[in-house]
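Q: I would like to learn how to read aromatic contacts in a model. Can you take me through them step by step?

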Amino acid sequence: MKTLIHPTAVIHPNAQIHATVQIGAYAVIGGQVKVGPETIISPHVVLDGLTEIGARNHIFPGACIGMEPQDLKYAGEPSWVKIGDNNQIREYVTINRATGAGEATIIGDGNLLMAYVHVGHNCVIADSTIIANSVALAGHVHIDSCARLSGVLGVHQFVHIGSLAMVGGMTRIDRDVPPYMMVEGNPSRIRTLNLVGLKRSGMSSTDLQILKKAFRFLYRSELTFKDALEQLELLGDTEELQYLRRFLLLSQMPGRRGLIPGKGKAAGSDE
């Protein structure tokens, strides 16, 4: 099978392009790029640097992937962008390489990155996330599977966003967003559980009721953060509670940003 390449595309002879890849007009692909089967590269896409792209991705016009990081610490060391399978990367998305020799900016499987999303250096996006138009992720942001980020918002460097979290549009995210929560505002606050997302995920009603109790301990009681965590331990040992407790504890570790406060709480409160 012959590779489906528009004659105006510029492709370095050392690029590793699977025979089933489609490449549109005026696309530019560098010599260290690898692209897996059945991926579609639309017109005017630029792929450069140490970039690996898996199977059945669709990269829309104007996207730029594998450019040098926008980081003054970067000194030309070899670093990567690694993208999995079945992703949709829409118009004018930018995904930068990592800072640090051998480090990588990583996109998992089944994600939708809408138009004008920026993914900064050393970011890690897991699987099945949806990131809406004009979202900017600074360096070292981690987003766990099935999170939802609405449009026109910014995420501070080193922030972690948990699985099945929902972030409202035009929100400023400068601290960690726990899993299963809905966050909105500027300054941002945890408003409630992401009930719609949790139900759509197929979570059982029993597990959902346990998370509702956990939410009340964390954000609707007068308990300190430490006491609320102790109450969470009494609720059971479900997979969701284990993950939530682990996320909350890790958010307090050095190098992390701490947690987004709950509704009506002071920014520095112990919750």
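Q: Are Phe-215 and Tyr-219 buried or exposed?
A: This is a predicted model. Residues count as buried under 20% relative accessible area. Both Phe-215 and Tyr-219 are buried.

Q: Where do Phe-215 and Tyr-219 lie?
A: Both sit in helix α2 (residues 205-219). They are four residues apart, about one turn of the helix.

Q: How many aromatic pairs are there?
A: Rings pair if their centres lie within 6.5 Å. The count by this rule is four aromatic pairs. One of them is Tyr-92 with Tyr-116, a stacked pair. The centres are 5.4 Å apart, with 15 degrees between the planes.

Q: Which parts does the pair of Tyr-92 and Tyr-116 tie together?
A: Tyr-92 is in the loop between β13 (88-89) and β14 (94-96). Tyr-116 is in the loop between β16 (112-113) and β17 (118-119). The pair therefore ties together parts 24 residues apart in sequence. Tyr-92 is partly exposed, at 44% relative accessible area. Tyr-116 is exposed, at 53%.

Q: What is the geometry of the Phe-215 and Tyr-219 pair?
A: Read the angle between the planes. That pair is tilted, with 45 degrees between the planes and 5.4 Å centre to centre.

Q: Which residues form an aromatic cluster?
A: Tyr-180, Tyr-243 and Phe-247 form one cluster.

Q: Which charged end sits over the ring of Phe-247?
A: That of Arg-256, 5.5 Å from the ring centre. Elsewhere, Lys-82 lies over the face of Trp-80, at 5.1 Å from the ring centre.

Methods:
Residues are numbered from 1 along each chain as its sequence is written. This is a predicted model: local features need pLDDT of at least 70, side-chain atom pairs count only at pLDDT 80 or more; totals for chains, interfaces and linings use all residues. Side-chain values use heavy atoms; hydrogens and water are left out. Rings of Phe, Tyr and Trp (its six-membered ring) pair if their centres lie within 6.5 Å; planes under 30 degrees apart count as stacked, over 60 as edge-to-face and the rest as tilted. Helices (H or I, at least four residues) and strands (E, at least two) are DSSP runs, numbered from the N terminus. Buried means under 20% relative accessible area, exposed over 50%, partly exposed in between (1.4 Å probe, protein chains only). A charge sits over a ring if NZ of Lys or CZ of Arg is within 6 Å of the ring centre and within 35 degrees of the ring normal.
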